[in-house]
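Visitor: I am new to this structure and would like to learn how to read it. Could you walk me through a few features?

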Amino acid sequence: MELFLQQCVNALQWGSFYALIALGYTLVYGVLRLINFAHGDIFMVGAYLAFFISTAFLSPEGMFAFPRGLTLALTVPLTMIFTSLAGVTLERVAYRTLMRKGAHRLYVVITALMCGLVLENGNLALLGASRKTLPVLLDKSVYDVGGIAVTNLKLWVILAAVLVFFALHFIVAKTRMGMAMRAVSWDKFALPLMGIPLDSVIVFTFALGSGIAGLGGMLFAMSYPVLEPYMGAMTGWKAFIAAVVGGIGDIRGAFAGGFLLAFVEIMVAAFLPSTFRDLFAFSILLLILWQRPTGIFGKPLTTKI
Amino acid sequence: MVKRARAIALICVAMLSMSGGALAGQTIKIGFPIPLTGEIPKVGESTKFAAELFREEVNARGGLDVGGKKYPLEFIFEDNESKPETAVNVTLKLIDRDDVLAIVGPQSSRQAVPAGAVANDSETPMITPWSTNPDATKDRPWVFRAAFLDPFQAPVAADFATKEFKAQKAAVLFEISNDYSKGLADNFRDAWEERHGRGSVVAFESHGPKDQDFSAQLTKMIAAKPDFIFLPENYSFVALIVPQARDLGYRGSFMGSDAWGSAELMKLCGDACKGQFFSTHYAAAGARGATKEFIDKYHKKYGYVPDDIAALTWDAVALVSDAIQKAGRLENNTGKMRKLIRDNLASVKSFNGITGDMRFDSQGDPVKCAVIVAIDDKGDFTFRESVCPK
C-alpha cells in the first residue's frame, strides 16, 4: 500500500509536467485549430532561459550576486515572460505569414514541426552539445509522511500545475479575453466583423501557452537538472498525446490527460517489468482513443486539422 | 566517339594518379567516428583532444617515422551523434571516401558494436578505445579495443561491493537500449548471484534512452531494500538517477562503472555523487611516469584533468601508430596497408600504455588491470585499489 501511494506521488509530479505542456497544446489548438508541434521545444527554451537568468543573478562575480530566494522569485516571472516572447515570435515569424498567404492548415503544422527542429539544432549550434545544469535555487528537504518520501520541490510542482489549471480556467471562462478566445475558435471569419482584434487574441493565446511552458520548463530543470537541446522533443511529444487523449481543445482534457498518461506510465513501470513501460502505456492510451476517438472531454467536430 | 572515350580514359587516369598520389601519401590518415554531439558529447571532446595532442606531438617531430621516412599524421574526425546508425554511416564514409588506413573509435559500445561489423566487412583495422562489450570485437579479426571487457569489469565491481559495503543484496538499474549498459548489468547479475546465491539481486530494472524520470523504477528498487545500487550508466543518467533516489529517501551507496568517469560527471551531479565508487581504466590522482606526463600535457593544453576516455584514446592511437611503424613501409595500396596494420595489431605481445600494461588475446581484447575509484569530498576521482586479471 505504501508502495502504491509512493508511486501515486511520483505520478502526480511527473503528470504535472505533462499537464503544463499539454495545456499549451490545447490552448493553441482550441483557438486556432492548429497543432503547434514546436511547443515541446518552447518548453526546452523555457528550461534554458531559466538556466541563463538564474546563473546571471546568482553568479558571485556577476553584477547582481543575489541570494537564492530572491533569484528564484525573479527567475519565475522572467522565464515566463521571455518564453512567452519566444512563442509569440514563432507565431509572428512562421505561422502568421503562412496563414496570411492562405496556406492550408497542414502546411502550418509542418512548419511548426520544422520550427521545433530549428530550435533544437539552433540551440545545439549556439551552446554546444555539453549538458547544462541549473544551479540549486531551492534548498531541498525530503519529508517522510508515513513511509512516503516527498520533497518540497515536488509539492511545489504539483501545486503549480493545479494553480495554473484553475487560473487558465478562470481566464477562458470568466474574462473578456477568454470570451474572445472562445469566439475565435467558434468562428474566425465573423469575429473581425464584430470588432474583435483577431491578431491580438492569437498573440495572447500564444503568449499564455508559451508562458505556461516556460514555467513548466523551469520547474522541470529544477527537478531534473540536466539540460540538453533535445529534452523537449520526447516530453513534448508525449504531452501532445496526453492532450489528445484528454480531448484536445479542452483545458480539463489537457489537465486530466497529462496526469492520466503519467499514472499509466508510472504504474506500468511499477507493477510490470519496466522494459515494457512505453509499450503498455501507449497500448492503453490507444484503447482509450479507440473507445473515445475525440478524447475523454472532447466533443465531435466536423473538421480537424 | 573516339574523342569521348579518350577523354574518359584521361579522366580515369587522372583520378587514379590523384588517389595514388594521396596514398603514396604524404600523410597517414586515421579516421575517428566519435560522439561529438548527442547523449555523450564530452566523450567525443575527450577523444578529439587526446588525439589532437598525439598528432601535434608527432607532427612537431616531422611526422611518424615509417621505415626511415617521416609522414605527418592526418586525423579525420566525424560526428556519430551518439547514434548507432550514424556511427555505421560515418565509419563507412571514412573507409570508402576518405580512404583511412585505420579507424579509432567509436567509443560507446552502442556505436562500436555496429560500426565494428562495418569495419570488419570492409577489412579495415578498427580499434575502439572505450567499448567494453564483448560483441564489439567478438569473431571480428579486424576489430580491436584498448579497454577491458564487461565480463571482467562486472566481477571486479561485485567483489569490491561485497568487501566495501559488506553487501548481500544488490539492485541494478540500466538502460535497455544501450549494449554497454545492458551487457554490463547482465554480467553483474551473474557475477553477484554466483557469489551470494540466487535471488540476491533483489531488483533488476531498466529504462529507455530518453527517460528523465526514474521514480517508478527507483521506488520499486528501494522497496526491495538493497544494500547498494549498481548503476552501469552513462554519466548524464547518473546525474539524474542518484539525486532522484535520494529524494525518494534512499540513503545507501551506489557503485558505478567506467561510463561514470567523465570529467563532466561532477559538474552535473554535484554533491549527490560524492562518496560513491566506480570501476574504471585509470585514476588521474596519484599517477606516475608516462601517465603523469600525459595528464600534465593535457591539463596544460585544455585546462582540465583528462578522463579515462582521453587516456584510452591516447593508447589506441599509439597502438595504431606502432603497428604502422612496425610495417616498415607505407604501401601504395590501401587494402594491403590495412592488412599489414591488422596483422601487426594482432601480433602485439605486450604494450606499455598510459592505462597500464596490456597484451591482446585471440579475440583482439586486451588483458589488463581495472582500477576502483572513489569520489572524494572535493569531487576528485581518487585511486582506491587496482584489480588485475588472475
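**Reading helices and a core**

Guide: Let us start with H2(A), where 16 of the 20 residues are buried, so the helix counts as mostly covered. Helices (H or I, at least four residues) and strands (E, at least two) are DSSP runs, numbered from the N terminus. This is a predicted model, in which local features need pLDDT of at least 70 and side-chain atom pairs count only at pLDDT 80 or more, while totals for chains, interfaces and linings use all residues. Residues are numbered from 1 along each chain as its sequence is written, and chains are lettered from A and ligands numbered from 1 in the order in which they are written.

Visitor: How many residues of helix H7 of chain B are buried?

Guide: Helix H7 (residues 215-223) of chain B has 8 of its 9 residues buried, among them Leu218(B) and Met221(B). Just after H7(B), Lys225(B) takes a positive phi of about 50°.

Visitor: Which residues have the most contacts inside the largest nonpolar core?

Guide: A nonpolar core is a set of buried Ala, Val, Leu, Ile, Met, Phe, Trp, Tyr and Cys residues joined through C-beta atoms within 7 Å. The largest one here has 210 residues, and Tyr25(A), Ala47(A), Val238(B) and Val320(B) have the most contacts inside it. Helix H1 (residues 2-32) of chain A gives the most to this core, with 17 residues.

Methods: Buried ≥ 20, exposed ≤ 12 C-beta atoms within 10 Å, placed from the backbone.
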